[in-house]
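User: I'm new to this one. Can you walk me through it?
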Amino acid sequence: MKTMTATILALCLCLCVSMASAQEADPMQGDPPSEEVSGLYVFSMGMTREEAKAQGAVPAKDGQMTAKVNWNDDEWNVVLIFKNDKVVVVGLHRALTSNTLVSAFFEEMDSVLCEPGLITMKSGKGKKELNLVKMAAEGKDADARKQIADEALSTFAGQDAGSITLTFISTYAIESMAEQIKSTGEVDDAKIIAEHGDRYLYAMTLDKDKDSITLVVMLMQNMDKL
């Protein structure tokens with residue numbers, strides 16, 4: 001779980017920096033998205049550069065591509081990360097103008113049977129991690145874990161600064177990891193990826209210092225390719 005956690009947090013930071021750099025270099029880069037370029041999955045896993053270009057993506061630094069999409073009636077800046085010339089990570093970023101964005105993302109996660117497996121909060125008091133996978137191993141059911149996530153978001157809402165990252169994992173993967181913890185005391189990332197690698201993994205970072213929201217979409221099997 002430590003490897004998985006470190007990968008996700010590093011990705012969120014990398015995507016925030018990449019998007020900020022792209023906008024600073026050319027704030028108007030890319031055409032405004034059409035109605036067809038809409039949703040979280042416009043740029044799919046395994047998509048080639050040519051396929052991404054056909055959806056409006058343009059080359060950026062470090063071999064990445066950038067684009068714009070519509071989701072939840074808002075325009076998002078997109079960064080695509082490639083491995084072997086195929087998309088392995090999609091990042092979406094925009095100003096956090098409304099809490100409806102957070103609600104809409106939670107609704108999307110419910111629809112694909114994903115829930116927070118890890119929550120990381122940063123503030124002036126330092127960093128705090130809530131490992132909901134471990135809590136599942138300790139016997140907390142889905143409703144109890146949801147309440148913990150809601151309370152973390154409520155605490156964050158009351159802060160004047162800082163950030164919170166929620167990593168969403170398939171409920172089935174969380175149950176598998178919880179069983180591993182109960183059996184061996186730890187999570188075998190390689191085994192989890194082998195069993196659940198074709199499942200999507202998501203992360204949402206809310207940053208009050210930058211007044212932004214960043215979403216990460218990827219497959220669990222791609223974590224060992226980054």
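User: Is D62 buried or exposed?
Analyst: D62 counts as exposed because its relative accessibility is 66%, and the cut-off for exposed is over 50%. Keep in mind that this is a predicted model.
User: Where is D62 found?
Analyst: D62 is in the loop between strand 1 (58–59) and strand 2 (65–71). Its phi is near 60 degrees, a positive value in a residue other than glycine.
User: What about L113, what is its phi near?
Analyst: Phi of L113 is near 60 degrees, again a positive value in a residue other than glycine. L113 is in the loop between helix 3 and strand 5 (114–123). With a relative accessible area of 45%, L113 is partly exposed.
User: Back up a bit. How many helices and strands does the protein have?
Analyst: The protein has seven helices and nine strands. It has 226 residues, and 50% of them count as buried.
User: And the surface, how much of that belongs to carbon and sulfur atoms?
Analyst: Carbon and sulfur atoms account for 48% of an accessible surface of about 11,300 Å².
User: Now the inside. Which residues have the most contacts in the largest nonpolar core?
Analyst: Those are F43, L80 and M204, in a core of 46 residues. Helix 3 (residues 100–111) gives the most to this core, with six residues.
User: What is F43 in contact with, leaving aside neighbours within four places in sequence?
Analyst: F43 is in contact with A52, Q55, A57, A67, V69, V78, L80 and V90. There is also a second, separate core of 22 residues, which includes V79, V88, I169 and M223.
User: Switching topic: at what angle do helix 6 and helix 7 cross?
Analyst: The axes of helix 6 (residues 171–184) and helix 7 (residues 189–196) cross at roughly 145 degrees and come within 11 Å. The crossing is right-handed.
User: Which residues make that contact?
Analyst: Helix 6 contributes Y172, A173, S176, M177 and Q180, while helix 7 contributes K191, I192, E195 and H196. By class, the contact has four nonpolar, three polar and two charged residues.
User: Last one. Where does K146 lie?
Analyst: K146 lies in helix 5 (residues 142–157). Its relative accessibility is 49%, so K146 counts as partly exposed. The C-alpha atoms of K146 and E115 are separated by 7.9 Å, though the two residues are 31 apart along the chain.
User: What share of contacts join residues at least 24 apart?
Analyst: Among contacts between residues at least 6 apart in sequence, 66% join residues at least 24 apart.

Conventions:
Residues numbered from 1 in each chain as written. Predicted model: local features only at pLDDT ≥ 70, side-chain atom pairs only at ≥ 80, totals over all residues. Heavy atoms only, no water. Helix = DSSP H or I, 4+ residues; strand = E, 2+ residues; numbered from the N terminus. Buried < 20%, exposed > 50% of the residue type's maximum accessible area, 1.4 Å probe, protein only. Contact = heavy atoms within 4.5 Å. Areas by Shrake-Rupley, 256 points an atom, 1.4 Å probe, with all protein chains shown as cover. Core = buried A, V, L, I, M, F, W, Y, C linked by side-chain atoms within 4.5 Å. Axes fitted to C-alpha atoms, helices over the stretch in contact; angles between N-to-C directions. Left-handed = near helix turned anticlockwise from the far one by under 90°. Nonpolar A, V, L, I, M, F, W, Y, C, P; charged D, E, K, R; others polar.
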